[in-house]
Amino acid sequence: MKQKISISAQLQSQRRIYLLSLIPILLTILSCTANQKNIKPVSLIGVGASFPAPLYERWLSDYNQKNPNVEINYQAIGSSAGVQQLIEGTVDFAASDVGITNEQAAKIKRGVISLPITAGSIVLAYNLTPVAHQSPQVKVPTALRLPRQVYVDIFLGKITNWNHPRIAAANAGVSLPDLPIQVVHRTDGSGTTSVLTQHLSAISPEWKSKIGAGKSVAWQVGIGGKGNEGVTALIQQIPGAIGYVEYIYAKQNKLPVAALENKSGNYITPTPESVAQTLERVKLPTDNLIAFITDPTDAQSYPIVTYSWLLTYQQYPNRVKGQALKNFVNWALIDGQKSSLELGYIPLSKKVVIQVQTAVKQIAE
């Protein structure tokens, strides 16, 4: 009997020890649950350029997985519309492939901070594949070569057929189709259009005097699509089409892109190396971090390259929102850059990251 009582007492003692050991674990779980309840969800809305939209989509998904209380929505409606909504105060941030002008910035009473957040190339994508399939004699190059003045004249409507002698001369050994060229351009106010037309103005006095540079211009020829995605869809649908899009849109849709003649006379395809070569020469001013090179001189530089800017307010009445956006941008500058190359964008250099990190400190301060 004494032995049974002893065994029972031991079991009760062990239960007490076990239950006591569970208390810290239970307290931790309760504490975490309470903390989760105390973390209020934050919702941010951004709009603007379609150029960085595929990268933003990846970033926002990755960031939300690690920060489920932060929901950030982004709509690609074009740089012009994005900047306008930032001015009107209807969004929390915007994106633009040409940053923001001093005149536009002056309209924002809460202040604005322009942050180069990614970079990439604007390519001339074309559609000759269906013709190649129908005509075995036609041998279409994987990277059609286009001289500088040739692609200017295509956009001016002066070169209207793919077998034009000036195109053929740059593509020796290639039998080009007797097919009308169908130019495709943007209909919305676009930073991509601005970057392209700045380049065309830099290399062609005729383009500069007749058309000029801007987010919207009076195109001489062609049909329009909305956003990079709209232009891409039209190029896919129209045999003989050529248009300008951000590189990732051509890559994702398996559209061939032209090798463009740069200022040194070399034909350069858009690669991480040729685009980074151009970006190395861009000097970002400390006041607004906005700068371009419209016609790079380096021998191996791809000629049409730009940063894409995320535009934030300097002051946020809702400080929680301001801090949440600040945290996201800091994440994008380090962790977010790791997915850039995979999607066809160019990671920021360490020097630029440091410049942007300094600027980010001004948000909500």
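A word on the model first: it is predicted, so local features need pLDDT of at least 70 and side-chain atom pairs count only at pLDDT 80 or more, while totals for chains, interfaces and linings use all residues. Residues are numbered from 1 along each chain as its sequence is written, and side-chain values use heavy atoms, leaving out hydrogens and water.

Let's start with Glu261. Still, the backbone nitrogen of Arg148 lies 3.0 Å from a polar atom of the Glu261 side chain.

Now the aromatics. The whole structure holds 15 aromatic pairs, meaning Phe, Tyr or Trp rings (for Trp, the six-membered ring) with centres within 6.5 Å; planes under 30 degrees apart count as stacked, over 60 as edge-to-face and the rest as tilted. Phe51 and Tyr345 are edge-to-face, because their planes meet at 65°, with centres 6.2 Å apart. These two are 294 residues apart in the chain. Phe51 is buried at 0% relative accessibility, and Tyr345 is buried at 0% too.

Tyr313 and Tyr316 are also edge-to-face, with centres 5.7 Å apart and planes at 75°. Here the charged end of Arg110 sits over the ring of Tyr313, 3.7 Å from its centre (CZ of Arg within 6 Å of the ring centre and within 35 degrees of the ring normal). Arg110 also lies over the face of Tyr316, at 5.4 Å from the ring centre.

Conventions
Polar contact = N/O pair within 3.5 Å; in protein donor to acceptor, adjacent residues only side chain to side chain. Helix = DSSP H or I, 4+ residues; strand = E, 2+ residues; numbered from the N terminus. Buried < 20%, exposed > 50% of the residue type's maximum accessible area, 1.4 Å probe, protein only.
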